[in-house]
Amino acid sequence: MDEILFFVAGIAAVVAAAGTVFLRNPFYAVLSLVVHLLSLSLLFLLLYAPFVAVVQVMVYVGAVMVLYVFVNAYVGGGTEPQGGGAPTLRAFSYAIGLTLIATIGIAILGSGLQVIDGSGPENVRASFGSPSEIGELLLTKFLLPFEAASFLLLVAAIGAVVLARRRRGALPGEERMVAALDLLAPTGTGSMREGVGAINPTPGGFSSRITPSQGPSSPPGEHDGGGDDDGDAR
Amino acid sequence: MSTGWYLAVSAIVFAIGAAGVATRRNPLLILVCLELMLNAGNLAIVAFARQHGTTEGHVFALVVMVVAAAEVVVGLGIVVAMYRNRVPVDVDELRELHG
């Protein structure tokens, strides 16, 4: 029974992982990642890690996947243009992947470690991997990593809000709201949009404004020269 | 199942993720492939925790999940900021750092 479940989950994990890499539609790739994560949580269950498996399903399939799907729908990326770049570079990238498989495979299987052939202790104690034991470890032995992880989450949450927040710079076709602070701020210090040269282009800067008829994921060729002043928002 | 099988699955998934990071052009999908690599590492950690019969590895796996979640949040924030600023959401187009 163990073997059957392992092979079903393992093959599903590998196939779904390949799907995320090779599917061209970003939405399908993200859905393939969901399948991968679910089969991975099944593998965690087989390894007597019920709490990690449940957290995997809740955090990844529940929360992170919603983020991915939402941002995917928001950005609205169609199928990504493939093969447009350098084919030799793509082939080289896949060659890197194959080399990595060969290297890690040699490192694992050729290590000659006896323990790898076994599966650990035969009878797992009942408290192994239980929430109570993990919670006790988190609050005693790993208190510092626990606090560091919570602080990291706080920093990430604030950072995401700061990054994705609506800035002062107006979008094309919108009235730009003028605040009193604008008069005091030096040029180029306002928004990220201003920083990339779309609003107050600095001389010689890289201007990446796209005409509104084209989507942001349109093929290259939308750069209107470097640094000419497109003062649509002034 | 012996630990070696789990390590083999982990190695294959890790290599697939690395190839995806190298080939994909959409930053969203690069994040997805990074996710694959982190999960492959998690699988190896949990397999070794089972091998040793100690729960410490599970704590480690949970910390890796926290780091992955933080990375995803910041990465998707950057993608949204790119989209809002009308910068092409394509890593081949993003050759320069400005601002």
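In this predicted model, B:S10 is buried because 25 other C-beta atoms lie within 10 Å, and 20 or more are enough for that class. B:S10 lies in helix α1 of chain B. Neighbours within four places in sequence aside, the contacts of B:S10 are B:A40, B:L43 and B:A44. B:L36 is 26 residues away from B:S10 along the chain, and the C-alpha atoms of the two are separated by 9.7 Å.

**Chain B**

Chain B has three helices and zero strands, in the order α-α-α from the N terminus. Of its 99 residues, 63% are buried. The radius of gyration of chain B is 17 Å, whereas a compact globule of 99 residues would have a value near 13 Å. Along the principal axes, the C-alpha atoms of chain B fill a box of roughly 50 × 25 × 15 Å. Among contacts in chain B between residues at least 6 apart in sequence, 48% join residues at least 24 apart.

Within this chain, the axes of α2(B) and α3(B) come within 9 Å and cross at roughly 175 degrees. The two helices are therefore roughly antiparallel, as the angle is over 145 degrees. From α2(B), the contact is made by B:P27, B:L28, B:L31, B:E35, B:L38, B:G41, B:N42, B:I45, B:V46, B:F48 and B:A49. The residues contributed by α3(B) include B:E56, B:G57, B:H58, B:F60 and B:A61. By class, this contact of α2(B) with α3(B) has 15 nonpolar, five polar and two charged residues.

**Chain A**

Chain A comes to nine helices and zero strands. Of its 234 residues, 25% count as buried. Of the contacts in chain A with a separation of 6 or more, 45% are between residues 24 or more positions apart.

One loop residue of chain A has a backbone angle worth noting. A:Y48 sits in the loop between α2 and α3 of chain A, and its phi is near 60 degrees, a positive value in a residue other than glycine. A:Y48 is buried, because 20 other C-beta atoms lie within 10 Å, and a count of 20 or more qualifies.

**Where the chains meet**

In the contact between the chains, 86 residues of chain A touch 71 residues of chain B. On the chain A side, α1, α2, α3, α4 (87–109), α5 (114–117), α6 (131–139), α7 and α9 (192–195) each supply at least two residues. That side has 59 nonpolar, 19 polar and eight charged residues.

| Helix pair | Axis distance | Angle |
|---|---|---|
| α2(A) and α2(B) | within 11 Å | roughly 5 degrees |
| α7(A) and α3(B) | 8 Å | about 10 degrees |
| α2(B) and α3(B) | within 9 Å | roughly 175 degrees |

For helix α2 (residues 26–46) of chain A and helix α2 (residues 27–52) of chain B, the axes cross at roughly 5 degrees. This makes α2(A) roughly parallel to α2(B), because the angle is under 35 degrees. The residues of α2(A) in the contact include A:P26, A:L33, A:L43 and A:F44, while those of α2(B) include B:L28, B:V32, B:E35 and B:V46. This contact has 14 nonpolar, two polar and one charged residue.

The axes of α7(A) and α3(B) are 8 Å apart, at an angle of about 10 degrees. This pair is therefore also roughly parallel. Among the residues in contact are A:P145, A:A149, A:L152 and A:L153 of α7(A) and B:V63, B:V66, B:V67 and B:A70 of α3(B). By class, the contact of α7(A) with α3(B) has 18 nonpolar, two polar and no charged residues.

**The nonpolar core**

The largest nonpolar core has 71 residues, and those with the most contacts inside it are A:L43, B:V32 and B:V46. Elements of both chains supply at least two residues each: α1 (2–22), α2, α3 (50–75) and α7 (143–164) of chain A, and α1 (3–23), α2 and α3 (56–84) of chain B.

Which residues does B:V46 contact, leaving aside its neighbours within four places in sequence? In chain A they are A:F44, A:L47, A:A49 and A:V52, and in chain B they are B:G57, B:H58 and B:A61.

Terms used:
Residues are numbered from 1 along each chain as its sequence is written. Chains are lettered from A and ligands numbered from 1 in the order in which they are written. This is a predicted model: local features need pLDDT of at least 70, side-chain atom pairs count only at pLDDT 80 or more; totals for chains, interfaces and linings use all residues. Axes are lines fitted to C-alpha atoms, for helices over the stretch in contact, and angles run from 0 to 180 degrees between N-to-C directions. Helices (H or I, at least four residues) and strands (E, at least two) are DSSP runs, numbered from the N terminus. Angles under 35 degrees count as roughly parallel, over 145 as roughly antiparallel, 65 to 115 as roughly perpendicular and the rest as oblique. Two residues are in contact if their C-beta atoms, placed from the backbone, lie within 7 Å. Ala, Val, Leu, Ile, Met, Phe, Trp, Tyr, Cys and Pro count as nonpolar, Asp, Glu, Lys and Arg as charged, and the others, Gly among them, as polar. A nonpolar core is a set of buried Ala, Val, Leu, Ile, Met, Phe, Trp, Tyr and Cys residues joined through C-beta atoms within 7 Å. A residue is buried if 20 or more other C-beta atoms lie within 10 Å of its own, exposed if 12 or fewer, and partly exposed in between; C-beta atoms are placed from the backbone. The radius of gyration is taken over C-alpha atoms; the globule rule is 2.2 Å times the number of residues to the power 0.38.
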